[in-house]
Amino acid sequence: MKVNRKQLAVAMIVSLVLMLAGAVAVHAMPVQQTGAVRMSFLMAAIIGILYYFSMSPWFANLGFTVLYRPLIAGTLVGIVMGRPAEGIAIGANINVLYLGWISAGGSLPGDPGLAGYLGTALVLGGGLDIQAALALAAPLGLLGGLTWSLRMSLCSIIPHWADRFAEEGNIKGVARSNYIYSQPFLFILYAVPVALAAYLGSAAVGSALDWIAQHAIWVMNGLFTASGMLAALGIALNLKFLLRGNVWPYFFIGFVVTTMMGGKVNLLMMAIIAACVAYLHVLWVHGMEATPAAAQAQAQARKAPGLLTRQDVFKAWLRWLFFSHSTYNWERMQGLGFAHSMTPIIEKLYKTKEDISAALKRHLIFFNTQPDIGGVIHGIVIAMEEEKAAGADISDDAINGVKTGLMGPMAGVGDTIQQGIVIPIALAIGIGLALGGQPQATRGNILGPLFYVVAVAAFVWGVGWWVWWQGYVQGRAAVTSILQSGALQKVITGAGVLGNFVMGVLAVQFVKLSTPVAFSIGGSTFRIQAMLDSFMPNLLPLILVLLVWWLVSKKNVSPTLIMAAIIILGVLGAIPIWPGIDEAGKAIKVGLLGG
Amino acid sequence: MQEVMRLAAPPGLVVDVYSVDAAIQTLSQETQNRSTTMLLMRSPQVARRLYEGGLTYSALNVGGIGSGPGRRNIFKNIAASDEEIAIMKDLMDRGVRITLLTVPGEKSKEFADLYAELKRK
């Protein structure tokens, strides 16, 4: 028992030391100041491999939750290409667009990882401006979604191989099917195209944009404007989940307070204020409600037959943590991952070939849930298997019933907490720390990505194991005791306050929209933007965010369509056909919209 | 399990669980202020029993149904047996518009198109 905790502690210390070493290395590295980085083949290959890692739950489920996020992707690509500080800034900017990105129920609406890895590589390799990066990286994220269907279809073949191993009672064969056989295919699908695109694309993208800059500078201006507007989409997608109930006013409080302070605020400090406000809000709304007595009465251990040790349960958790999505596919989703996680349990509990084969087949069926919170199901199933092996009369149907009955509800609750609350808030604070409140910063701070890694690892490992263990200790009562304990609702409400406030701050810092239109009548000049500012600063960005929020949450317009519309609008709005006045007071032609 | 369903639903939603017969009886009754109700069911078989029991409807969405022996994937992670495909065809012929959609916001697929594709194969 204690050995596991020790191992976990050692692993965490090693990770922290590695990250700190990374931080020191990043800031000590000699940095070229300007110009493009020449993309070597080795660099491109490493970037491709990193993208592949991000598409697997490798590294203790920190692949999809951490490596896949543009903030981290940009940091890693920056380190590989010798421009860490720039990489962090580029990644943070790209990530704003994907703040509200959620992959639920096996769908993949866009691909933040591709935008992060390839986008940062092209920007650094092509010597582009960071603001151009966003308009470039946004469409890249849409391309990535295309490979998803191919992966999900082709990986459907592998569970059938696992079926044959299960028939033979071959535990190791089932495990290998999950974590080895799909990997060469995923490697080819993910690493190779990205490595090639990064290697061949950098110079091409750079020269293409140079050509545009020379021949039609207004298109470049349009792309800059579009990148400032695209941030509204990332924030609006998040607000789709946040702007509701009685917590929506906190978005406007965050927005107005930040506007009053001129936009340059330290996001961590704002988040601390928001957390205190969230605490007060929860106290005010839920304050006097006591935890239901029923939940407390239920929260007691069942009598375990004692066939399994804590170490066995931990081994099963580790396999799920690393390989839950290794062979994710349309036919059985996480079915093979579930069977793989049960292999240490089956090995310990069952001795005859028939029993082993039956247990393997039992767990190879369709399964899909949220990997952290859904772990409670695995805990319960382990407890049921233990009782079954000890002689209790538990049918296959009873075990299947628990799995299929709970996987849907736990996915809903889990996605709300992990993808809807933990990841966006940790990302928002990480992005804020990385850029120090200035989206135009060209050099990012390593503390931002580090904060994100530590926060998410604490959730994925800490909460993940706790929930799993509760499932095992309490059995079926665990689900109701976890859901019923008033804590969950309080956390969700509090996170809603914090999330709204932080999104308000980010909206001011990242959404940029203004108009350079001006004209003079009879000697007096009218600058539209100055008039708007005297009414309320940042009015156009606020209207844009609310408009996009209304489109995505009330009108169900697809984010892809909005993304395309914003880029087109940004470029069209930059056509210089509108009256304007330059600094010297001379009448010129300007675009309708500016950043 | 009913308790889990209630606890997992977003706050403010009322969740009731009925057997098929009780559902037909309760939901067929004329009531004045019925709120918007979403009916969740486990399989196409249940959908047909409801329809034939007099609880008719004009549209039906098919969400994620797991695969298993005797079932094949017909659209993304939606699997069905030949019997279930026949049931859906039957409901379609009676005028029910059937769509396949697993996650809100994605593009849905018309069962009519899918059936034509399946037949061609």
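Colleague: How many bridges join strand β2 (residues 72–75) of chain B to strand β3 (residues 78–80) of chain B, and do these strands run parallel or antiparallel?

Modeller: A word on conventions comes before the answer. This is a predicted model, in which local features need pLDDT of at least 70 and side-chain atom pairs count only at pLDDT 80 or more, while totals for chains, interfaces and linings use all residues. Residues are numbered from 1 along each chain as its sequence is written, and chains are lettered from A and ligands numbered from 1 in the order in which they are written. Helices (H or I, at least four residues) and strands (E, at least two) are DSSP runs numbered from the N terminus, and two strands pair if DSSP finds at least two bridges between them. In this case, β2(B) and β3(B) run antiparallel and are joined by three bridges. F75(B) has I78(B) in β3(B) as its bridge partner. The two strands form a hairpin with two residues between them, and K76(B), in the turn, has a positive phi of about 45°.

Colleague: Which strands form the open sheet of chain B, and in what order?

Modeller: The order is β1-β4-β5, three strands with mixed pairing. The edge strands are β1 and β5 (109–110), each of which pairs on one side only. β1(B) pairs with β4 (residues 97–100) of chain B in the parallel sense over four bridges, and L60(B) stands opposite I98(B) there. β4(B) and β5(B), by contrast, run antiparallel and are joined by two bridges; here L100(B) has K109(B) as its bridge partner.

Colleague: Which residues of strand β1 (residues 59–62) of chain B form its covered face, and which its uncovered one?

Modeller: In a regular strand the side chains alternate between the two faces of the sheet. Burial is read from neighbour counts: a residue is buried if 20 or more other C-beta atoms lie within 10 Å of its own, exposed if 12 or fewer, and partly exposed in between, with C-beta atoms placed from the backbone. In β1(B), L60(B) and V62(B) make up the covered face, whereas A59(B) and N61(B) make up the uncovered one.

Colleague: How should I summarise chain B, and how many helices and strands does its secondary structure contain?

Modeller: It comes to five helices and five strands, and from the N terminus on the elements run α-α-α-β-β-β-α-β-β-α. Of the 121 residues of chain B, 18% count as buried. Its C-alpha atoms fill a box of roughly 45 × 30 × 30 Å along the principal axes.

Colleague: Which residues touch the most other members of the largest nonpolar core?

Modeller: In soluble globular proteins, nonpolar side chains tend to be buried together. A nonpolar core here is a set of buried Ala, Val, Leu, Ile, Met, Phe, Trp, Tyr and Cys residues joined through C-beta atoms within 7 Å. The largest core has 194 residues, of which I47(A), L230(A), A232(A), I235(A) and V502(A) touch the most other members. Helix α19 (residues 396–435) of chain A gives the most to this core, with 19 residues. The core draws at least three residues from each of domain 1 (1–215 + 290–485) and domain 2 (513–590) of chain A; such bounds come from an automatic or database domain assignment. A second, separate core of 16 residues includes L60(B), I74(B), A80(B) and L100(B).

Colleague: Where does helix α16 (residues 335–349) of chain A bend, and by about what angle?

Modeller: The bend at a residue is the angle between axes fitted to the seven residues ending there and the seven starting there. α16(A) bends by about 45° at T343(A), and a proline, P344(A), follows within four residues. Its 15 residues reach 20 Å from first C-alpha to last, close to the 21 Å expected at 1.5 Å a residue; the expected span is 1.5 Å times one less than the number of residues. The helix is mostly covered, with 13 of its 15 residues buried.

Colleague: Where does M333(A) lie, and why does M333(A) count as buried or exposed?

Modeller: M333(A) lies in the loop between α15 (310–323) and α16 of chain A. M333(A) counts as buried because it has 27 C-beta neighbours inside 10 Å. Its phi is positive, about 50°, although it is not a glycine. N538(A) also has a positive phi, near 60°, in a residue other than glycine. That residue is placed in the loop between α23 (528–535) and α24 (539–553) of chain A, and N538(A) counts as buried because 21 C-beta neighbours lie inside 10 Å.
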